[in-house]
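Please look through the structure shown here, part by part, with the explanation below as a guide.

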Amino acid sequence: MEKKGGLMGWLDKRLAVDALWKVMMSEYYLPKNINFLWSFGVLTMLVFVILVISGIFVLMYYKPDSHMAFDSVNKTIMMDVAYGWVFRHVHAVGASIMFLVLFIHMGRGIYYGSYKAPREVVWVTGFILFVLMSATAFTGYLLPWGQMSYWAAQTITTLFSKIPFIGPDLVIWIRGNYIVEDATLTRFFALHVTLLPALILVFTAIHLYAVRVVGSNNEDGIPMTKEEKKEKGIPFWPVFMSKEYFVMSVFLLFFFFLVFFNYKFAMDPINFQPADYLQTPPHIYPEWYFLAFYEVLRGFFFSETLGLIGFVLSMFLPLFLPWLDTSPYPYISGKHRPLFKIMWWIFVVDFIALTILGKLPPTGLFAWLGLITSLVYFAFFIALPIISKIEKKKVASGGGQ
Amino acid sequence: MKELKILAVLIVIVGVTYWGIEPLAHSIMHKHIEEAIHKYHLPDYEFSDLGSTPPLDGDPAKGKEAFQMFCASCHGLKADGIPAPMDPKTAAMSFGVVPPDLSNITSYTDKKFLFHFIKDPAKASEFKKIAMPAMGLQDEQIADIIAYLDSKAKKVHGEELFKEACGRCHGAKYQKIYAETPPDALKKYLGKVPPDLSIIMKAKGEHYLVAFINKPQALLPGTSMPRVGLNKEATEDLMKYLDEISDPHKEQRQKVGIIVLAYMLVMIGLTYAWKKKIWKNIH
Amino acid sequence: MAEEKVSRRDFLLYAMGGWAAVGLGGVLYAMYKTWEPLPEVKAAGIVRFDLSKVQPGQLKVVQWRGKPVFVLRRTPDMDKCDNRSIANEYTVVVGICTHLGCIPNWEPDKKIFKCPCHGGEFNACGVNIFGPPPRPLEIPPFKLEGTTIVLGETGPEYEKMMKG
Ligand code: HEM
Ligand code: FES
């Protein structure tokens, strides 16, 4: 390295920026056989940044008070503040798209076996991020205090009342009232703008650190040492990032198209009616990203308890993937595990079916389809240990990959 | 090309999901609305369920006499110097709702509807508790009254139309328009305070609103919104107004949107070129 | 490794950076605009007041942009105000002391404005006559429409006053 003067040289002496740059960027190597799905981690960070920035600007005019919230959003921010509507659209569409990006990020992780050793911590911190993001989205959805906001919060908090023994008292505690009311709004507001984003930041840092330590997986799931990657891989900067910028640009084109021209999916029409404690709208449903889990809840239409257990399991089972899948195959990617691959596709199709069914009225045929798709959802998690066993046998008999 | 294949799969997955949770789900959820619209051919500006109407070629002079005899005890007609007999508050207390001034009524209400309404208000409005009683007038008398009203009516638009046609029960507080009848009187009369209409266009959309205003009972059985018989022109004028007030930045949004998308397209070009350059020698 | 080194003069990289800066500029502009006073605040920045409602010798306080504006109809026994007189007999000044911003009180018997904070005094024209205030009380931008004064808009009378 040639001696550098000027500001960079000065900083380098004190902060070792050159070394940092090397470790983090120019001499951090990624495998070459990764596709653009590996860009989705950075995309989630991009969306998170967009959410924080747009959030700060809507926060400047938002009023967390059940009498003022609706008008502060729909009049002040949407009509009076110059460009206030841009920030609100960006924030609402951003929240929705965050989950699209997250689902793709997670689906990628499952397909290529990225949750398996040695990436368990990456997976678990990722899962915590998913839970935190869901909580952030749920608390944020109450803030405009529209009909959908209100009844979503009312029904989801009611779920807590089903917990044996403590349930009924717990709901009242969560709401700070017998129904969702001002106290609920202000505490959701506090969680949404301070604690939850702070936790997301912390866990993002751990998540990224863990990825750096164990290194990125690749399409074939071939374990690679740092030396092998240096030999055959690509450096993070500029090679990986040059592609990343391109993917980001394409993503942002799509994102802004939604923001300006197709935002209704993220800003439900029903939520343009102010909350009314005494009248539930004829159709209520969660935001699209919770629909699949919601459908599992409704899927066991003959038993409330089964539905609840299924609902909780459907959300938390993915956390245990690294321990459900104990396959000994050295190539961890689903690409080289035919049985796993089949189950993955069934799971994805089922998840889409659950999502769609979650928005349809749960009657007649839809009720039965709901039950079947809910059961299929769990089939994936039950199949993993079985597939692992089969693969173990194959390896033991000298076969397998 | 492998990446393009992955992208295609992704697009199919996202596309199918989107289709399922938006167009498909909404078409199923709103089936009864579409059915009602279809069944009654809404909007029906002929109000064909009310039956035939005699020719409405009455005599305005006779109509004025009839008006003063039968209508002026509740309604004013400022256009002809007839003031409202009571102030709004007292009127609301005694009738439940402020009776309209009838100066411009024929310019926004369909005349055939008006004929049937005067004949039997509860039936025409499909609202049993309507404050106006059937007056037992002869067909000719009604025709005369309508001719008289028509001779005084002038066209009203936008905000003025909204105030005259909807403003006795509904407000639009973001425009600083408040219902003429006090809320508690309305609650007593209708069972609930009618919704504020500032952003109703965003909540309901034009397709629904047009049909609903045309025949409320068809879309929302049991509603306490009476059918008011707006004619086609007034309905369209009103829709335009409601759209403007609910979405005042529509034009700006489209303009800024185009600029941002164009900006992103250029960015895609630049980043693609740079990526190509960096990856030239990597295989 | 055969990949191309990024040279510091990589044109495409500069173009990308420049274009990103343009986008950032746009975003900053929108952010800047969101902090401007809301339409309602701006509308309240223009206040109409009928001067003829004030009796000779009487002081009325009008609120304009959150500040008190003193409207005093002078009587012949008070100071003549030449270039600070509006419609010959009115004093219209922002009632905020030019020293440190307290609100002076009108003392009818002495016919002065006296500031409670550090004892500054202004005569009936709003001119500082005693104490720490460095300047006369400010005259708000105004326009005359008959006997009505419009605060927040400038008319020829105001412009003339500012020049003289
Ligand atoms: C706010 C939320 C999240 C952020 C900001 C984030 C960020 C990232 C980033 C930047 C990477 C490295 C680039 C890449 O491989 O895509 C990554 C990798 C990874 N993330 Fe996340 N992530 C988030 C949520 C999740 C969730 C919810 C999961 C799963 C439950 C998850 C699982 C993983 C896994 C397994 C990897 C390693 C992938 C591989 O190397 O093949 N992440 N994450
Ligand atoms: S502030 Fe008035 S004299 Fe100091």
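D10(C) forms a salt bridge with K277(B), and the closest N and O atoms of the pair are 3.1 Å apart; a salt bridge here is a side-chain nitrogen of Lys or Arg within 4 Å of a carboxyl oxygen of Asp or Glu. By this rule, 1 salt bridge is found across the interface of chain B and chain C. The model is predicted, so local features need pLDDT of at least 70 and side-chain atom pairs count only at pLDDT 80 or more, while totals for chains, interfaces and linings use all residues. Residues are numbered from 1 along each chain as its sequence is written, chains are lettered from A and ligands numbered from 1 in the order in which they are written, and side-chain values use heavy atoms, with hydrogens and water left out.

The size of an interface is often given as the accessible area lost when the parts come together. Between chain B and chain C the buried area (the accessible area, with a 1.4 Å probe, that two parts lose on being put together, summed over both) is about 1300 Å², and carbon and sulfur atoms give 71% of it. On the side of chain B, the residues that lose the most area to chain C are Y263(B), L270(B) and W274(B), which together account for 43% of what that side buries. In terms of contact, meaning heavy atoms within 4.5 Å, 13 residues from chain B meet 14 residues from chain C.

How much area do chain A and chain B bury between them? The value is about 4800 Å², with 75% of it on carbon and sulfur atoms. Here 54 residues of chain A are in contact with 53 residues of chain B, and the salt-bridge rule finds 4 salt bridges across this interface. K359(A) forms a salt bridge with E22(B), with the closest N and O atoms 3.2 Å apart.

Within the chains, the next topic is domains, whose bounds come from an automatic or database domain assignment. For chain B the division is into domain 1 (1-39) and domain 2 (40-246), and the C-alpha centres of these two domains of chain B lie 40 Å apart. Of the area that domain 1 of chain B buries against domain 2 of chain B, A36(B), I37(B) and K39(B) supply 67%, more than any other three residues. Chain A is assigned domain 1 (1-28), domain 2 (31-284) and domain 3 (285-401). Domain 1 of chain A and domain 2 of chain A have C-alpha centres 35 Å apart, and they bury about 650 Å² between them, with 60% of it on carbon and sulfur atoms.

Which residues coordinate the iron atom of ligand 1? H105(A) and H207(A) do this, each through NE2, at 2.0 to 2.1 Å; donors are N, O and S atoms within 2.8 Å of the metal (3.2 Å for Na, K and Ca), and water is not among the atoms, so sites may look incomplete. The 6 donor atoms around this iron atom subtend angles of 83 to 178°, which makes the arrangement octahedral; six donors count as octahedral if opposite donors are over 155 degrees apart and all others between 65 and 115. Because H105(A) lies in helix α5 (residues 84-111) of chain A and H207(A) in helix α9 (residues 182-214) of chain A, the pair ties together parts that are 102 residues apart in sequence. Helices (H or I, at least four residues) and strands (E, at least two) are DSSP runs, numbered from the N terminus. Both H105(A) and H207(A) are buried, where buried means under 20% relative accessible area, exposed over 50%, and partly exposed in between (1.4 Å probe, protein chains only).

Another buried residue is L159(A), which has a relative accessible area of 18% and lies in helix α7 (residues 147-159) of chain A. Leaving aside neighbours within four places in sequence, L159(A) is in contact with L297(A), L308(A) and F311(A). The C-alpha atoms of L159(A) and L308(A) are separated by 8.1 Å, although the two residues are 149 residues apart along the chain.

Some details of the backbone remain. The peptide bond from W237(A) to P238(A) is cis, with omega near 0°, and P238(A) is placed in helix α11 (residues 236-261) of chain A. F47(B), a residue other than glycine, has a positive phi, near 50°, and is buried with a relative accessible area of 2%.

Notes. Four donors count as tetrahedral if all angles lie between 85 and 135 degrees; four count as square planar and six as octahedral if opposite donors are over 155 degrees apart and all others between 65 and 115; anything else is irregular.
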